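Subject: Structure handover

Hello,

Here is the structure we talked about. My notes follow below it.

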Amino acid sequence: MATTAGAPSGTGLSQSRGLLNQRCLGFSRSSWGGASKLVSFPSSFSRRSVDNTKELQLPRITAVVKAQAGPGQMDIDLTLSPRVNSVKPSKTVAITDQAAALARAGVPVIALAAGEPDFDTPAVIAEAGINAIREGYTRYTPNTGTLELRTAICQKLKEENGISYTPDQIVVSNGAKQSIFQAVLAVCSPGDEVIIPAPYWVSYPEIARLADATPVIVPTSISENFLMDPKLLERSITEKSRLLLLCSPSNPTGSVYPKKVLEEIAKIVAKHPRLLVMSDEIYEHIMYAPATHTSFASLPGMWERTFTVNGFSKAFAMTGWRLGYVAGPKHFISACAKIQSQFTSGASSISQKAGVAALSMGYAGGETVKNMVKAFRERRDYLVKGFGELEGVKISEPQGAFYLFIDFSCYYGVEIEGFGAIDSSESLCRYLLDKAQVALVPGGAFGDDSCIRISYAASLPTLKEAFERIKKALVTLRPAVPV
Ligand SMILES: Cc1ncc(COP(=O)(O)O)c(C=O)c1O
């Protein structure tokens, strides 16, 4: 299981137990056509710790299906790897899928769950992709990406971020998520600790677990704008600490680390030769002045130990193109490249041409990205004002990205007739989906159960409608906590 620096870890374990139980139930109910299923797990299964270092040593769990279709009978061992059993599926993907299914069934649901800009990919980028296909640029590229794109990335990182790399210090992947995964796999050994400030992007702890590492969660608070206290970081570092994951601007909070705080963090990191840093800067262009972005690798002594991760999904509205990258010292980047060479090989040739076009749009994406950021800012301001007026609700105004991470815990403890108790971010989200038909993501998925994440990557009229619906649903709940 994940350990929580400076806080008791019981909740995480019980959540994980629940999840394992759910997975057993879902599994035995699976509907493979024609086959009757006899899936059995020993009762100890649900009691297992999700500390995967221990899990790997446990006896194999055997699940057997008696397939009755076809001639004869065949027993199939359905055992999944302990690695898979230790990982939670992405909550944001699950809720987005659920909202889409409701919409298909005719429910007028407003989905504010996905981390995806509502804008179309800018035409100049789309054209470059179309031209790539027309011109037959449809073959494998070099594993680490085309020299053209890696050169453009180096130029971007130099000009916009003040960090120097050569093309052999870049690996282009099918999205930043793959870049992160490969970097974690490249440097973490079983039992190593990956330090993750909470609230965190849902995938970080799971990626650490998939690499047989242990996520160590460092809590932050809304009153500190969800910024990690460097002293708490210092206390969480052990001889097993291998990687610190930083995300600024943050998903899910929109917090932006000021340079001064990053400098304090860098001073602590510098004391630990084993500790590397992954700086996820995928939202860097979606930033609201006066906040400014600092690349962690640009701080004194940090280049040598930092993976700088970035991608095209967010600022360039290119989620479906699947294009991201990691930059870092050659020794580490070559290891990422080695993994990629046996995993997916190079990213799509078409997307890479589109990526070159994106980086040609001017400094920080030029006017086109500036206009998108302007729209995001208008939406943020509208929602911050609206939710800020609701009694008992706590907000830290986001300085970047397109999410609000709002503390609605004042509504916990309410019992709704015909619905049940609202006692967690999960139940409040279910209530809002049921009553307001707005899909949001429970903060528990990001490591903070008092909050809910609202993605404002939707048009202002849609957000206005969603806000009115949420407000109406909430005012029927009496704030459980006096303010
Ligand atoms: C913080 C953060 N990092 C990385 C990613 C991965 O982006 P992609 O794989 O689309 O490039 C996301 C996507 O939601 C994200 O929010």
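Phe-226 sits in the loop between β7 (214–219) and α9 (230–236). This is a predicted model, and in it the phi of Phe-226 is positive, near 60°, though the residue is not a glycine. Is Phe-226 buried or exposed? The cut-off for buried is 20 or more other C-beta atoms within 10 Å. Phe-226 has 23, so it counts as buried.

Ala-317 gives a second case. Its phi is also positive, about 50°, and it is not a glycine either. Ala-317 lies in the loop between β10 (306–311) and β11 (324–327). It is buried too, with 23 C-beta neighbours inside 10 Å.

One joins Ala-198 and Pro-199, with omega about 0°. Pro-199 belongs to the loop between β6 (193–198) and α8 (203–210). Another joins Asn-251 and Pro-252, with omega about 25°. Pro-252 falls in the loop between β8 and α10 (259–269).

Now the overall picture. The protein has 483 residues, and 45% of them are buried. Its secondary structure comes to 15 helices and 17 strands. Take the contacts between residues at least 6 apart in sequence: 71% of these join residues at least 24 apart.

Next, the strands. All five residues of β9 (276–280) are buried, so the rest of the structure largely encloses this strand. Both faces are covered. Leu-276, Met-278 and Asp-280 lie on one side, and Val-277 and Ser-279 on the other. β9 pairs with β8 (241–247) in the parallel sense, over five bridges. Leu-245 stands opposite Met-278 there.

Which strands make up the open sheet of three? The order is β12-β17-β16, and the pairing is antiparallel. β12 and β16 are the edge strands, each with a single partner, so one side of each has no neighbour in the sheet. Five bridges join β12 to β17. Among the paired residues, Tyr-403 has Ser-455 of β17 as its bridge partner. β16 and β17 pair over two bridges. Pro-442 is partnered there with Ile-452 of β17. Four of the five residues of β12 (403–407) are buried, so β12 is largely enclosed by the rest of the structure.

Helix α14 (425–435) has Ser-425, Leu-428, Cys-429, Tyr-431, Leu-432 and Leu-433 buried. Their cover includes β16 (441–442), β17 (451–455) and α15 (460–475). β13 (414–416), β14 (420–422) and β15 (438–439) are also part of that cover. Gln-437 follows α14 and has a positive phi, near 55°.

The axes of α5 (123–134) and α12 (349–359) come within 8 Å and cross at roughly 145°. The crossing is right-handed. On the α5 side, the contact is made by Val-124, Ile-125, Ala-128, Gly-129, Ala-132 and Ile-133. The α12 side includes Ile-350, Lys-353, Ala-354, Val-356, Ala-357 and Ala-358. By class, this contact has 10 nonpolar, three polar and one charged residues.

Best wishes

Definitions and conventions
Residues numbered from 1 in each chain as written. Predicted model: local features only at pLDDT ≥ 70, side-chain atom pairs only at ≥ 80, totals over all residues. Buried ≥ 20, exposed ≤ 12 C-beta atoms within 10 Å, placed from the backbone. Contact = placed C-beta atoms within 7 Å. Pairing = 2+ DSSP bridges. Axes fitted to C-alpha atoms, helices over the stretch in contact; angles between N-to-C directions. Left-handed = near helix turned anticlockwise from the far one by under 90°. Nonpolar A, V, L, I, M, F, W, Y, C, P; charged D, E, K, R; others polar.
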